[in-house]
Amino acid sequence: VQLQASGGGLVQAGGSLRLSCAASGSIFSINTMGWYHQAPGKQRELIATITSGGGTYYVDSVKGRFTISGDYAKNTVYLQMNSLKSEDTGVYYCNADISDFQNRYRTYWGQGTLVTVSS
């Protein structure tokens, strides 16, 4: 199983970006998918999750600005980021809780995509 994140880039403060993360491989089912943010010099932080049932979670700092969505038919999760701030700069990682066809369950991580917000 592999997760491929994309969509990062350079954007001005107040702008928008849309991140994508596609899972591929021997996937039987996906439960929860999420996005993490690692600012320069800081630890990785969970910012949003979505379950296969559509339930979502957001950390307070992104509520009202970011929207997580999932297309479980395509094994893909998205993060729409609006009203970006300089503090949103960093590497964004996706992860997913996946069961394979041997009923083995584990969490997989994408490689990260860099977002730079210029002020």
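**Close-up views of a predicted model**

Cys-94 counts as buried, its relative accessibility being 0% (buried means under 20% relative accessible area, exposed over 50% and partly exposed in between, with a 1.4 Å probe and protein chains only). The model is predicted, so local features need pLDDT of at least 70 and side-chain atom pairs count only at pLDDT 80 or more, whereas totals for chains, interfaces and linings use all residues. Residues are numbered from 1 along each chain as its sequence is written, and side-chain values use heavy atoms, with hydrogens and water left out.

**View 1. A disulfide joins Cys-21 to Cys-94.**
The distance from S to S in this link is 2.0 Å, and the count for the structure comes to 1 disulfide (a pair of cysteine sulfur atoms within 2.5 Å). The link of Cys-21 and Cys-94 is right-handed, with 60° about the S-S bond. Because Cys-21 belongs to strand 3 and Cys-94 to strand 9, the pair ties together parts that are 73 residues apart in sequence (strands are DSSP runs of E, at least two residues long, numbered from the N terminus).

**View 2. The largest nonpolar core holds 30 residues.**
Among its members, Trp-35, Ile-47, Leu-79, Met-81 and Tyr-92 touch the most other members (a nonpolar core is a set of buried Ala, Val, Leu, Ile, Met, Phe, Trp, Tyr and Cys residues joined through side-chain atoms within 4.5 Å). Two or more residues of this core come from each of strand 1 (2-6), strand 3 (17-24), strand 4, strand 5, strand 7 (66-71), strand 8 (76-81), strand 9 (90-99) and strand 11 (113-118). In soluble globular proteins, nonpolar side chains tend to be buried together.

Strand 4 (29-38) supplies at least two residues of the lining, and so does strand 5 (44-51). Sorted by class, the lining of the largest pocket has 5 nonpolar, 4 polar and 5 charged residues.

**View 3. Asp-88 and Arg-65 form a salt bridge.**
The closest N and O atoms of this pair are 2.8 Å apart (a salt bridge is a side-chain nitrogen of Lys or Arg within 4 Å of a carboxyl oxygen of Asp or Glu). Asp-88 sits in the loop between strand 8 and strand 9, while Arg-65 sits in the loop between strand 6 (56-58) and strand 7, so the pair ties together parts that are 23 residues apart in sequence. Asp-88 is buried, with a relative accessible area of 5%, and Arg-65 is buried too, with a value of 10%.

**View 4. Two further salt bridges involve Asp-60 with Lys-63 and Asp-100 with Arg-104.**
The whole structure has 3 salt bridges. Between Lys-63 and Asp-60, the closest N and O atoms are 3.0 Å apart, and Asp-60 counts as exposed, at 61% relative accessibility. Between Asp-100 and Arg-104, the closest N and O atoms are 2.8 Å apart. Asp-100 is buried, with a relative accessible area of 8%, whereas Arg-104 is exposed, with a relative accessible area of 52%.

**View 5. Asn-75 has a positive phi value, as does Ser-83.**
Phi of Asn-75 is near 55°, a positive value in a residue other than glycine, and Asn-75 lies in the loop between strand 7 and strand 8. Phi of Ser-83 is near 50°, and Ser-83 lies in the loop between strand 8 and strand 9, where it is partly exposed, with a relative accessible area of 42%.

**View 6. Ala-5 and Gly-112 are 107 residues apart in sequence but 6.1 Å apart in space, C-alpha to C-alpha.**
Ala-5 belongs to strand 1 and counts as buried, at 4% relative accessibility. For another pair, Thr-51 and Ser-16, the separation is 35 residues in sequence and 24 Å in space, C-alpha to C-alpha. Thr-51 is found in strand 5 and is partly exposed, with a relative accessible area of 28%.

Terms used:
Helix = DSSP H or I, 4+ residues; strand = E, 2+ residues; numbered from the N terminus. Nonpolar A, V, L, I, M, F, W, Y, C, P; charged D, E, K, R; others polar.
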